[in-house]
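Good morning, colleagues. I would ask you to look at the model on the screen while I discuss its core and its salt bridges.

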Amino acid sequence: MDRTTPTTHAGHDQLLVARLYGGDLDASERDRALGLLAECPDCAGLFADLGAIASATAALPVPPRPRDFTLTASD
């Protein structure tokens, strides 16, 4: 019987993983985030999901504007 305490995904810093995807980390935070991706399949899945969401939303058409937002001299 394994009596070691497993590291659970719920205790991981998911915002750190999201910031890694956005490239918004310093060197030490980047190393921590990469460690989470290496040791936790759920964190790696979150990172992959962020990539899939970014790709899917980039492919969406631009919605039509309901009005003209051009500023005039009187504005």
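Which residues make up the largest nonpolar core? Please bear in mind that this is a predicted model. The core consists of nine residues: Leu16, Val17, Leu20, Leu25, Ala33, Leu36, Leu37, Cys40 and Cys43. Two elements, helix H1 (14–22) and helix H2 (27–39), each give two or more residues to this core. In soluble globular proteins, nonpolar side chains tend to be buried together.

Apart from neighbours within four places in sequence, Ala33 is in contact with Leu16, Leu20 and Leu25.

I turn now to the charged residues. How many salt bridges does the structure hold? There are three salt bridges.

One of them pairs Asp13 with Arg32, and their closest N and O atoms are 3.9 Å apart. This pair links distant parts of the chain, since Asp13 lies in the segment before H1 and Arg32 in helix H2, 19 residues apart. Asp13 is partly exposed, at 35% relative accessible area, and Arg32 is also partly exposed, at 49%.

A network of salt bridges links Arg19, Asp24 and Glu29. Between Arg19 and Asp24, the closest N and O atoms are 3.7 Å apart. Between Glu29 and Arg19, the corresponding separation is 3.1 Å. The latter pair joins distant parts of the chain, with Glu29 in helix H2 and Arg19 in helix H1, 10 residues apart.

Is Glu29 buried or exposed? Glu29 counts as buried because its relative accessibility is 19%, and the cut-off for buried is under 20%. Arg19, at 26%, counts as partly exposed.

Thank you for your attention.

How values were computed. Residues numbered from 1 in each chain as written. Predicted model: local features only at pLDDT ≥ 70, side-chain atom pairs only at ≥ 80, totals over all residues. Heavy atoms only, no water. Core = buried A, V, L, I, M, F, W, Y, C linked by side-chain atoms within 4.5 Å. Buried < 20%, exposed > 50% of the residue type's maximum accessible area, 1.4 Å probe, protein only. Helix = DSSP H or I, 4+ residues; strand = E, 2+ residues; numbered from the N terminus. Contact = heavy atoms within 4.5 Å. Salt bridge = Lys/Arg side-chain N within 4 Å of Asp/Glu carboxyl O.
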